[in-house]
Amino acid sequence: MTALIASVLFFALCIALFFVIRKRKRYVFAVPDNIPQLLSGHVAYYRELAPEQKTIFEKKVKEFLLYIRIHGVNTEVEDLDKVLVASSAVIPVFGFDKWRYYNLKDVLLYGDRFNTEDFSTTGNERNTLGMVGTGALQQMMILSKPALRQGFQNEGEKNNTGIHEFVHLLDKADGATDGIPEALVQRQYTIPWIKYMSEAIHDIKSGNSDIDIYGAASQAEFFAVAAEYFFKRPDLFEVRHPELFALMEKIFNQQPGAKEKQVAKDMSK
Ligand SMILES: [Zn+2]
C-alpha cells in the first residue's frame with residue numbers, strides 16, 4: 001500500500017515538474033512599456049515622423065512584437081534590441097496599412113558576427129551580420145546584435161543590417177528573392193525598376209557609385225543595400241540617385257525624410 005502511494009506521489013510530482021518546465025520554456029511576448037522613449041532616443045527615422053505618424057509607428061512596433069519571437073543566442077535580448085528589430089521590420093512597410101510578415105516567426109540575435117556554415121560565432125569566418133533563413137531555417141531571421149545596434153547608431157552612414165534583412169523578406173514574399181518585390185511594386189514600375197537597377201549595378205562595378213559595393217553582388221543584394229541607403233540617408237540618396245529615389249518612393253509607398261524637406265522649405269520662405 002505504501003509503495004502504491006509512493007509511486008502515485010512520484011507520478012504526480014513528475015507531471016507537476018513537466019508543466020513547470022514547459023511553462024518556463026514557453027516564449028513570453030513581453031512588449032517593452034517605454035517604446036516611444038526608446039524610439040525617440042535611437043531611431044532617427046521615427047524622429048522625422050509627424051506626431052500622428054509616430055503614434056502609428058509605435059502601434060506597429062508593438063503589433064510586430066506580439067507575433068514575432070526574438071531569442072538571444074549567447075546574448076541577452078534587451079528592450080532596446082526588441083524595439084530595433086521591430087523598427088527594422090516596420091520602416092520598409094510603413095507605407096502599407098496591413099502588411100504582416102507571414103514568412104517570419106522567429107528572430108535569433110547573435111552576440112557577434114556568425115558563420116553561415118554552422119552558425120557559430122567563433123572561428124575565422126565570422127563574417128555574416130544577418131541572414132534570412134532558408135530550408136530548415138525557413139521563417140527565421142538571424143541578426144548580429146552589434147550590427148543591429150550599429151545600424152541605428154551611425155546615423156550619418158548609409159548602412160543598416162536590420163532594414164537590409166527585412167527588405168530581403170519583403171522581396172521573398174512573392175516566392176523569389178530577386179530584387180523585384182512583386183508583392184509591393186505596381187506592374188507599370190517593374191520594367192523601369194529593372195532598368196535602373198541594372199544601370200546602378202553597372203555603375204557600382206565600374207567604381208562610379210557611392211552605393212556600397214555589396215549591392216553589385218546580385219539584384220537581390222542591390223535592392224536590400226539601396227533600401228538601407230534610401231531609408232537612412234534619403235536626403236543624400238535623392239540628390240545622388242534621383243530616378244532610383246523616385247521609383248523607390250513608389251515601391252515603398254512612402255517619402256522618407258519628408259518632414260526634413262518640409263522644414264527646409266518653411267525656413268527658406
Ligand atoms: Zn543581403
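Predicted model: local features only at pLDDT ≥ 70, side-chain atom pairs only at ≥ 80, totals over all residues.
A residue counts as buried if 20 or more other C-beta atoms lie within 10 Å of its own, as exposed if 12 or fewer do, and as partly exposed in between.

**Entry: two residues with positive phi**

I looked up Gln 139 first. Gln 139 sits in the loop between S3 and S4. Its phi is near 65°, a positive value in a residue other than glycine. Is Gln 139 buried, exposed or partly exposed? I find 15 C-beta neighbours inside 10 Å, so Gln 139 counts as partly exposed.

Then I turned to Asn 74. Asn 74 lies in the loop between strand S1 (69-73) and H5. Asn 74 is not a glycine, yet has a positive phi of about 55°. Asn 74 has 12 other C-beta atoms within 10 Å, so I log Asn 74 as exposed.

**Entry: the whole chain**

I stepped back to the chain. Its secondary structure comes to twelve helices and four strands. The chain has 269 residues, and buried residues make up 32% of them.

**Entry: H7**

I went on to H7. It has twelve residues. From first C-alpha to last, H7 reaches 17 Å, close to the 16 Å expected at 1.5 Å a residue. How many of the residues of H7 are buried? I count eleven of the twelve, so H7 is largely enclosed by the rest of the structure. Among the buried residues of H7 are Ile 163, Phe 166, Val 167, Leu 169 and Leu 170. His 164, Glu 165, His 168 and Asp 171 of H7 are also buried. What do the buried residues of H7 pack against? I find H5, strand S3 (130-132), strand S4 (140-144), H6 and H9.

**Entry: H9**

H9 came next. Helix H9 (residues 219-232) has 14 residues. H9 reaches 20 Å from its first C-alpha to its last, close to the expected 20 Å. H9 is mostly covered, with eleven of its 14 residues buried. The buried residues of H9 include Phe 222, Phe 223, Tyr 229, Phe 230 and Phe 231. Glu 228 and Lys 232 of H9 are buried too. The buried residues of H9 pack against H3, H7, H8, H10 and H11.

**Entry: H5 against H6**

I then looked at pairs of helices. Helix H5 (residues 79-90) and helix H6 (residues 145-153) pack at about 70°, with their axes 10 Å apart. That angle makes H5 roughly perpendicular to H6. H5 passes H6 in a left-handed crossing. On the H5 side, the contact is made by Asp 81, Leu 84 and Val 85. On the H6 side, Lys 145, Leu 148, Arg 149 and Phe 152 take part. I sorted the residues of this contact: four nonpolar, no polar and three charged.

**Entry: H2 against H4**

The second pair is helix H2 (residues 35-42) with helix H4 (residues 51-67). Their axes come within 10 Å and cross at roughly 110°. H2 and H4 are therefore roughly perpendicular to each other. The crossing of H2 and H4 is right-handed. H2 brings Ile 35, Pro 36 and Leu 39 to the contact, and H4 brings Glu 58, Val 61 and Lys 62. By class I note four nonpolar, no polar and two charged residues in the contact of H2 with H4.

Technical notes:
Residues numbered from 1 in each chain as written. Axes fitted to C-alpha atoms, helices over the stretch in contact; angles between N-to-C directions. Parallel < 35°, antiparallel > 145°, perpendicular 65-115°, else oblique. Left-handed = near helix turned anticlockwise from the far one by under 90°. Contact = placed C-beta atoms within 7 Å. Nonpolar A, V, L, I, M, F, W, Y, C, P; charged D, E, K, R; others polar. Expected span 1.5 Å × (residues − 1).
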